[in-house]
Amino acid sequence: MEAYVKRLLVGLALVFHLGGTLALAGEPLDLVKSAGEQVIAILKDPKFKTPDKRKARVERLKEIINPIFDYEEMARRTLGAHWRRHTPAEQQEFIKLFRAFLEKVYSEKVDLYEGERAEFERESIDQDYAEVESKVTNVKGQESPVLYRLKRTAGRWKVYDAVVENISIVNNYRSQFDRVINKSSFEELKKLLREKAA
């Protein structure tokens with residue numbers, strides 16, 4: 001997977017890694033804020049900052065981040081039309097592979113926080129879907145817009161996509177996965193994900 005796509009995932013992770021200003025707070029924003037506060041507490045905890053504690057820090061972050069990620073929705077959208085061509089068992093296998101891949105990617109980004117600020121500016125809800133507009137400002141004052149997309153399933157809001165500087169992470173992976181499947185096969189895609197998650 002191209003390095004720039006991993007950079008996009010940093011944008012998705014920033015919602016959990018940064019404190020920010022909250023306006024017009026509703027349920028999706030409250031979810032994001034709560035997770036962010038817990039993650040920041042871990043990132044600032046001195047006992048997790050030594051190299052030998054990195055694995056423990058990542059595991060603690062997973063405990064916070066995983067419950068608010070909708071991995072099934074993300075996996076389904078990244079496969080697009082290919083999703084319906086596979087059995088429920090194959091779909092579940094792909095969800096697990098995709099989740100392991102994303103966990104590996106964001107776990108590699110935990111050391112990138114350098115004092116950036118996040119401001120959550122507006123939330124819009126349309127039945128079971130929500131969007132949260134935000135911007136991330138680095139220490140140099142440069143701003144990057146990030147739009148978070150959430151879906152409510154069984155009464156719970158979860159993040160299923162982020163649009164970083166007008167590029168959707170889900171759409172970007174969908175394009176890559178589609179190319180792999182069309183040029184080779186679904187099995188090859190699964191092989192690539194296994195390798196990246198290792």
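Two strands pair if DSSP finds at least two bridges between them. Helices (H or I, at least four residues) and strands (E, at least two) are DSSP runs, numbered from the N terminus. The model is predicted: local features need pLDDT of at least 70, side-chain atom pairs count only at pLDDT 80 or more, and totals for chains, interfaces and linings use all residues. Residues are numbered from 1 along each chain as its sequence is written, and side-chain values use heavy atoms, leaving out hydrogens and water.

**View 1. Hairpin of strands E5 and E6.** E5 pairs with E6 (residues 167-168) in the antiparallel sense, over two bridges. Val-164 stands opposite Ile-167 in E6. Two residues separate the strands of this hairpin, and Glu-165 has a positive phi near 50 degrees.

**View 2. Hairpin of strands E4 and E5.** Eight bridges join E4 (residues 143-153) to E5 in the antiparallel sense. Thr-153 faces Arg-156 in E5. The hairpin has two residues between its strands; Ala-154, in the turn, takes a positive phi of about 55 degrees.

View 3. E5 spans residues 156-164. Seven of its nine residues are buried, so the strand is largely enclosed by the rest of the structure. Buried means under 20% relative accessible area, exposed over 50%, and partly exposed in between (1.4 Å probe, protein chains only).

**View 4. Crossing of helices H6 and H7.** The axes of H6 (residues 169-183) and H7 (residues 186-197) come within 7 Å and cross at roughly 130 degrees. H6 is therefore oblique to H7. Axes are lines fitted to C-alpha atoms, for helices over the stretch in contact, with angles from 0 to 180 degrees between N-to-C directions. Angles under 35 degrees count as roughly parallel, over 145 as roughly antiparallel, 65 to 115 as roughly perpendicular and the rest as oblique. From H6, Phe-177, Val-180 and Ile-181 meet Phe-186, Glu-188, Leu-189, Leu-192 and Leu-193 of H7. Contact means heavy atoms within 4.5 Å.

**View 5. Arg-76 in helix H4.** Arg-76 lies in H4. Its relative accessibility is 33%, so Arg-76 counts as partly exposed. Arg-76 and Ile-95 are 19 residues apart in sequence; their C-alpha atoms are 7.9 Å apart in space.

**View 6. Confidence along the chain.** pLDDT is the predictor's confidence in each residue, from 0 to 100. The protein's mean pLDDT is 81, and 83% of its residues reach 70 or more. Where pLDDT is low, the predicted coordinates should not be read in detail.
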